[in-house]
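Here are a few friendly notes to read alongside the model. Please keep the structure open as you go through them.

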Amino acid sequence: MVELRSSSSEMDLDRPNIEEYLTTDSIQESPKKLHLRDLLDISPTLTEAAGAIVDDSFTRCFKSNPPEPWNWNVYLFPLWCLGVIIRYGILFPLRVAILTAGWLVFFAAFIPVHFLLTAHNKWRRKIERKLVEMICSVFVASWTGVVKYHGPRPSMRPQQVFVANHTSMIDFIILEQMTAFAVIMQKHPGWVGFIQKTILEGVGCIWFNRTESKDREVVARKLREHIHGADNNPLLIFPEGTCVNNHYTVMFKKGAFELGCAVCPVAIKYNKIFVDAFWNSKKQSFTMHLFHLMTSWAVVCDVWYLEPQYIRPGETPIEFAERVRDMISIRAGLKKVPWDGYLKYFRPSPKLTERKQQIFAESVLQRLEEK
């Protein structure tokens, strides 16, 4: 009996206390009876909570959507089995051979150029740029990539930055095979990190760690220095800051839109007819993601290079970012949602939670006072 009482008191301590969110003057004696109609009067708050549970548009942005199964009867199942044999037994080994040969050729040319042409920096950077474009083309070939580019090819000139929606790290590869961009990218471990440090730094890429607040200041300074260089590669930024499943676009970070230069939108849309190109980095390593792509029939996508945009008089960087996001979303057929993609990695601020609790408490108190 003593144990039951102690556990009951512990549960009482864990329960939220409405008085913590109200001022002392506002607390009055509550009525003796609370009817169902009193609870229904706070239906806007309940509706918001229920809507968040039923239609969670934030979680949907980062959810993989596998295609519906089509091998559901005795006629289609043998065809599906034949397809599995072809994809895993024939196409995958062939694609691994293509990728391996591509890397051998790349390193055979990259290592001498990188270490022997240090005195001729201009020629070294030009050759390295072409080699990076070549290896990215090999990657796309290893997925049997079918990529259709729309619009003029990006040119090398100062005072411009390219921004694109972000579905997977292969976005960078697909864009890089057309033009050697310098990209702003999160640091990665493993073999991806090795490529970042040894190869991609040659095209001017900038790396950051989203958990380090000091990196933001360093990246902002490097961005401004890069866009003023006449010989620098075009700068590519994914302002969403995380991979989204190619059905939605989340909020764009304003950093790329307060540089005072031309912003060139790029819209990327993947066709899921053969494979879903979304990379869920919290559930899948990039190696497994590549394996998934290399065992599919093909990766099909469209890329649109849209008209350069400039900030308008009186327009804030946030408004400018939303206007560019509108252009990309409409062109790629994506749905806009008012979420910050970094919430995928961090919990909401306690202040936001407390504010919601206070609003709810005030609405309950208001109904009690009316009674």
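Which residues are buried in α11?

1. **Helix α11.** The buried ones are Phe320, Ala321, Arg323, Val324, Arg325, Ile328, Ser329 and Ala332. Buried here means under 20% relative accessible area, exposed means over 50%, and partly exposed is in between, using a 1.4 Å probe and protein chains only. Helices (H or I, at least four residues) and strands (E, at least two) are DSSP runs, numbered from the N terminus.

2. **Where these notes come from.** This is a predicted model, in which local features need pLDDT of at least 70 and side-chain atom pairs count only at pLDDT 80 or more, while totals for chains, interfaces and linings use all residues. Residues are numbered from 1 along each chain as its sequence is written, and side-chain values use heavy atoms, with hydrogens and water left out.

3. **Span and cover of α11.** Residues 317-332 make up this helix of 16 residues, and from first C-alpha to last it reaches 22 Å, close to the 22 Å expected at 1.5 Å a residue. That expected span is 1.5 Å times one less than the number of residues. The cover over its buried residues includes β2 (160-164), β6 (248-249), β7 (262-271), β8 (299-305) and β9 (335-336). After the helix comes Gly333, with a positive phi near 70 degrees.

4. **Leu306.** Look for this residue in the loop between β8 and α11. Leaving aside residues up to four places away in sequence, Leu306 touches Pro265, Met327, Ile328 and Arg331; contact means heavy atoms within 4.5 Å.

5. **Two positive phi values.** Most residues other than glycine have a negative phi. Thr144, in the loop between α6 (121-142) and β1 (145-150), has a positive phi of about 50 degrees and is partly exposed at 36% relative accessible area. Asn246 sits in the loop between β5 (235-237) and β6; its phi is positive, near 65 degrees, and this residue is buried at 5%.

6. **Aromatic pairs.** Rings of Phe, Tyr and Trp (its six-membered ring) pair if their centres lie within 6.5 Å; planes under 30 degrees apart count as stacked, over 60 as edge-to-face and the rest as tilted. The count by this rule is 13 aromatic pairs. Phe162 and Phe181 form an edge-to-face pair, 5.2 Å centre to centre with 70 degrees between the planes. Phe162 lies in β2 and Phe181 in the loop between α7 (170-176) and β3 (182-186), so the pair ties together parts 19 residues apart in sequence. Both Phe162 and Phe181 are buried.
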